Amino acid sequence: MAILGSALVFGLTTLCLLAGLTCLISALLVPSVEGSEKQFEKRLEYFMFAAVGLVSFAVMLYIG
């Protein structure tokens, strides 16, 4: 049972890291076709998702 818990923490930690980095890269590569206001909104949204993902990653590292 301890191995299952450890594997679950590792899986969630990896998932949080990948989600945070993916959203961070997406925020940097937002296309400017839609206009500056839409681009700002998308970039802000992706940065918020990236922040949540990376903070979750830090919390999971602390727990694990």
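Gln39 touches Val30, Pro31 and Ser32, leaving aside residues up to four places away in sequence; contact here means heavy atoms within 4.5 Å. Gln39 is found in helix 2. With 18% relative accessibility, Gln39 counts as buried. Buried means under 20% relative accessible area, exposed means over 50%, and partly exposed lies in between, with a 1.4 Å probe and protein chains only.

The model is predicted: local features need pLDDT of at least 70, side-chain atom pairs count only at pLDDT 80 or more, and totals for chains, interfaces and linings use all residues. Residues are numbered from 1 along each chain as its sequence is written, and side-chain values use heavy atoms, with hydrogens and water left out.

### Overall form

The protein has 2 helices and 0 strands. Its radius of gyration is 15 Å, well over the 11 Å that the globule rule gives for 64 residues, so the protein is more spread out than a compact globule. That radius is taken over C-alpha atoms, and the globule rule is 2.2 Å times the number of residues to the power 0.38. Helices (H or I, at least four residues) and strands (E, at least two) are DSSP runs, numbered from the N terminus.

Along its principal axes, the C-alpha trace spans about 50 × 15 × 10 Å. Buried residues make up 17% of the 64 residues. The accessible surface comes to about 4900 Å², and 76% of this belongs to carbon and sulfur atoms. Accessible areas come from the Shrake-Rupley method with a 1.4 Å probe; for residues, only the protein chains shown count as cover. Among contacts with a separation of 6 or more, 56% are between residues 24 or more positions apart.

Helix 2 covers residues 36–63. At 1.5 Å a residue, its 28 residues should span 40 Å, and its end C-alpha atoms are 40 Å apart, which agrees. The expected span is 1.5 Å times one less than the number of residues.

Five residues of helix 2 are named as buried: Gln39, Ala50, Gly53, Phe57 and Met60. An α-helix has 3.6 residues a turn, so residues three or four places apart point the same way.

Gly53 is buried, with a relative accessible area of 8%. Leaving aside residues up to four places away in sequence, Gly53 touches Cys16 and Gly20. Gly53 and Leu24 are 29 residues apart in sequence, yet 9.4 Å apart in space, C-alpha to C-alpha.

Phe40 also lies in helix 2. At 54% relative accessibility, Phe40 counts as exposed.

Helix 1 covers residues 2–28 and holds Ile25. Thr13 is in helix 1 too. It is buried, with a relative accessible area of 10%. Thr13 touches Phe57, Met60 and Leu61, not counting residues up to four places away in sequence.

Ala19 has its place in helix 1. At 35% relative accessibility, Ala19 counts as partly exposed. Val33 lies in the loop between helix 1 and helix 2. Val33 is exposed, with a relative accessible area of 77%.

### Separations along the chain and in space

The table pairs sequence separation with C-alpha distance.

| Pair | Apart in sequence | C-alpha to C-alpha |
|---|---|---|
| Val33 and Phe47 | 14 residues | 19 Å |
| Ala19 and Glu34 | 15 residues | 24 Å |
| Phe40 and Tyr62 | 22 residues | 33 Å |
| Gly53 and Leu24 | 29 residues | 9.4 Å |

### The nonpolar patch

Ile25, Leu28, Leu29 and Phe47 make a nonpolar surface patch of about 430 Å². Patches are made of residues with over 30% relative accessible area and no salt bridge; like charges are joined within 9 Å, and nonpolar side chains (Val, Leu, Ile, Met, Phe, Trp, Tyr) within 5 Å. A salt bridge is a side-chain nitrogen of Lys or Arg within 4 Å of a carboxyl oxygen of Asp or Glu. Ile25, one of the patch members, counts as exposed at 51% relative accessibility.
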